[in-house]
Amino acid sequence: MSPDRRDRDPLDPDDEMAFDPGADDDADLDEIGDGTGRGSRGSRGSGRSGRGRTRSPADDDADGVDDWGTTRRARRRFPVSGRHVLAVAVVLVVAVAIVVGGSLLPTQRARTVVSAAPLVGRTTSVCPAAFQDSADAADRPAATVSAVTIRSAPDRQGVLTGTLLAGGEPLLTVKQQGFGAQVKAPDAPLLLQATGAMSTASSGAILASADTGELTGLSAAPCTSPSTSQWFVGVGAETTNRTELVLSNPDDAQAEVDLRFFGQSGRVVVPGSPGLVVPAHASRTVSLESLVAQTGPLSVWVRATSGRVSAMARDLRSVGLTPAGADWHPASIGPRRALVVPGVPAGAGARQLQLVNPSMTRALVTVSVLGATGAFSPVGAEQVEVPPESTVSASLDPGLAGQGAGIGLAADRPVSAAVVSTSSGTDADTGSAALPDIAVQPATPAVGRHGVGAIAAVTGTDGTLMLSNGGDTDTRVGFTIANLSGVTLRSDTMLVPAHGTSTRRLDPAAGASYVQVDVPDGALIYGAADFAQSEGPVAGLTSLPITSPDLASRSRDAVPDPAVGR
């Protein structure tokens, strides 16, 4: 049994594992209705109730024998002795003492222990294609893929390679820890495979930039591991706000995927969305605009019923025929009662909080801004009500007032979240308004022992490393900027206040480089790197979450809890 809710950290994601993607994908699927109005399959009784009978004198035969084979006269010959009564009383007293004594003992929580050495194995991640093969030349942005490894176990061997999803010779190879490689993004998804010590020490990301075409703006996304459950919160299915969902299958067998949609008025039943087949070593792009007839905020749950896929969304905005921003839309962490959305960028423009409640009960979400000096409630968005099986949007503009921050969420039902940020700027050469861009910040897990952003510098941008603290104590975090040749360019620490956010500038002159964040055990640190173009015809904006390649080596020690039986 879980600890008392009053003892929980309101921002500790480990307190709630409902809808957790990964090993516990189906742990709380019973929370989600099937769209027919019936309750969950798990809510039905699974056992048969016992059948009793009422006795009457007629039930006893003429020989004085009852239905259980015992004569009534014989049963009267065996009175209950005093010793029997005493034995029963002792048993009852002992049972009550155990129950009461256990309830008085404090609950204990399992400790997260990071192993001294990384696990040695094989990991896979997929970097999405920068554009489709059929795209016009004007719609093909300049794009690169960066793959890096951190120094986690210098005495261990490993290798990181990048090949096309369909196979072929490696396009990049990294054999030394602390090094990296960068290649021009291919026309198809790139498959990163790490073995040995690299399996828990590598990370990748894609970066794209364009001044014209429907992909105008700055876009970045991490390369993601395949999974059976992924949530995309705040996507679009309208002409001026549309989303493309890219499903990639890195395995040798085909995958089958179901898409479940949650709109502003509840579940959206979409014919053809269940049973989408993704062939082995191939990808499939699904345009939500052509699949879903829905306006307003929308979320989609991607669930593989056979095999697994690496899913990534891409948002495309426009005003009439004029592009109004594009960005990759990474998956958010699965629904739970406590979340943090890190890296909401500073500056002018809209900041829209997107929330999805997949359960069949209304959710009430308390919103906190994790600012430079601690947490505060944003004006106009202190609490947000999310109807059952629905997605809602709330403006954070008045509460943020242009400052960068993390967003802490505490809900009475499991929810997931993301923030969609819109840029605003002026073209210095013409004095007119620059074209806007969008950036998506998903709710993420807390950083493990090491966090990595495979891109730490983008030419012509103002870069910012933003770390938010979901814990109750100030935490000192180390960070390192290194180039792809393994040379350390900067190493420092930053104090992240309790329920607050700290930032550091990322120098664009660093060139191809990555950032590594080192977090003390037990700390709840969430991070992202933001990049904003302050000059030119496009006010480019993008965010890259800090991810943890060593999460596979994090495990929990089993600690007996004397209060578990209360």
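Which residue does a disulfide join to Cys127? In this predicted model, the partner is Cys223, with an S to S distance of 2.0 Å. The count comes to 1 disulfide, so it makes a handy place to start looking around, given that a disulfide here is a pair of cysteine sulfur atoms within 2.5 Å. Turn the view to look along the S-S bond of Cys127 and Cys223 and you'll find 100 degrees about it, a right-handed link.

Now look at what the link connects. Cys127 lies in strand 2, which covers residues 121-127, while Cys223 lies in the loop between strand 9 and strand 10 (229-235). The pair therefore ties together parts that are 96 residues apart in sequence. As for the setting, Cys127 is buried, with a relative accessible area of 1%. Cys223 is buried too, at 12%, because the cut-off for that word is under 20% relative accessible area.

From there, move on to the nonpolar core. The largest one has 33 residues, and Leu465 and Leu467 touch the most other members. Several strands each supply at least two residues of this core: strand 8 (202-210), strand 9 (217-222), strand 28 (462-469), strand 29 (475-483), strand 30 (488-496), strand 32 (513-518) and strand 33 (525-532). Strand 29 gives the most, with 4 residues.

Set aside its neighbours within four places in sequence, and what is Leu465 in contact with? The list includes Phe479, Met494, Leu506, Val515, Ala528 and Ile546. Leu465 is also in contact with Ser502, Thr503 and Arg504.

Most residues other than glycine have a negative phi. His281 has a positive one, near 50 degrees. You'll find His281 in the loop between strand 14 (276-278) and strand 15 (282-287). Glu389 likewise has a positive phi, near 50 degrees, in a residue other than glycine. Its place is the loop between strand 23 (383-386) and strand 24 (390-395).

Terms used: Residues are numbered from 1 along each chain as its sequence is written. This is a predicted model: local features need pLDDT of at least 70, side-chain atom pairs count only at pLDDT 80 or more; totals for chains, interfaces and linings use all residues. Side-chain values use heavy atoms; hydrogens and water are left out. A nonpolar core is a set of buried Ala, Val, Leu, Ile, Met, Phe, Trp, Tyr and Cys residues joined through side-chain atoms within 4.5 Å. Buried means under 20% relative accessible area, exposed over 50%, partly exposed in between (1.4 Å probe, protein chains only). Contact means heavy atoms within 4.5 Å.
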